[in-house]
Amino acid sequence: SDWPGGDRLTPDQAAAYLGVTPKTLKAWRLNGTQQLPFYRFGGSRNSKVIYLQSELDAFMAACRGGAA
């Protein structure tokens with residue numbers, strides 16, 4: 001990843017980048033239905049969460065269907 005290279009996204013930015021709602025992204029994070037890396041700063045569920053754009057790109061590539 002590019003940490004700490006500036007490709008950090010807030011949950012709202014990450015949701016928009018992936019084309020899902022922030023609510024869907026939060027559900028994925030909380031219930032683990034998608035293997036999407038994220039970083040949580042602090043010990044509570046209300047702690048700051050960030051995503052790395054490079055890891056979102058890798059996630060989308062892994063989800064890609066059809067012929068390569």
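L18 is placed in helix α1, where helices (H or I, at least four residues) and strands (E, at least two) are DSSP runs numbered from the N terminus. With a relative accessible area of 16%, L18 is buried, a class that means under 20% relative accessible area, while exposed means over 50% and partly exposed lies in between (1.4 Å probe, protein chains only). Leaving aside residues up to four places away in sequence, L18 touches L25, W28, L36, L56, F59 and M60, contact meaning heavy atoms within 4.5 Å. The C-alpha atoms of L18 and F59 are separated by 9.5 Å, although the two residues are 41 residues apart along the chain.

This is a predicted model, in which local features need pLDDT of at least 70 and side-chain atom pairs count only at pLDDT 80 or more, whereas totals for chains, interfaces and linings use all residues. Residues are numbered from 1 along each chain as its sequence is written, and side-chain values use heavy atoms, with hydrogens and water left out.

## Packing of α1 on α3

Two packed helices are described by the angle between their axes and the distance between the axes. Helix α1 (residues 11-18) and α3 pack at an angle of about 30°, with their axes 11 Å apart; axes are lines fitted to C-alpha atoms, for helices over the stretch in contact, and angles run from 0 to 180 degrees between N-to-C directions. The crossing of α1 past α3 is right-handed, that is, the near helix is turned clockwise from the far one by less than a right angle, anticlockwise being left-handed.

On the α1 side A14, Y17 and L18 take part, and they meet Q53, L56, D57, F59 and M60 in α3. Sorted by class, this contact comprises 6 nonpolar, 1 polar and 1 charged residues, where Ala, Val, Leu, Ile, Met, Phe, Trp, Tyr, Cys and Pro count as nonpolar, Asp, Glu, Lys and Arg as charged, and the others, Gly among them, as polar.

## The sheet

The strands β1, β3 and β2 form, in that order, an open sheet of 3 strands with antiparallel pairing. β1 (8-9) and β2 (39-41) are at the edges and have a single partner strand each, so one side of each lacks a neighbour in the sheet. Strands pair if DSSP finds at least two bridges between them; β2 and β3 (residues 48-52) have 3 bridges, and β1 and β3 have 2. Within β3, K48 is the bridge partner of F41, and Y51 is that of L9.

Helix α3 (residues 53-63) packs on the sheet and touches β1, β2 and β3, its direction making about 60° with that of β3. Because 4 of its 5 residues are buried, β3 is largely enclosed by the rest of the structure. The hairpin of β2 and β3 has 6 residues between the strands, and G42 takes a positive phi near 110° there.

## Aromatic pairs

The structure holds 2 aromatic pairs, counted when rings of Phe, Tyr and Trp (its six-membered ring) have centres within 6.5 Å, with planes under 30 degrees apart called stacked, over 60 edge-to-face and the rest tilted. The rings of W28 and F59 are a tilted pair, because their centres are 6.2 Å apart and their planes stand at 55°. W28 lies in helix α2 (residues 22-31) and F59 in helix α3, so this pair ties together parts 31 residues apart in sequence; both W28 and F59 are buried.

The rings of F38 and Y51 also form a tilted pair, since their centres are 6.2 Å apart and their planes are at 50°. This pair links distant parts of the chain, with F38 in the loop between α2 and β2 and Y51 in strand β3, 13 residues apart. F38 counts as partly exposed at 30% relative accessibility, whereas Y51 is buried with a relative accessible area of 1%.
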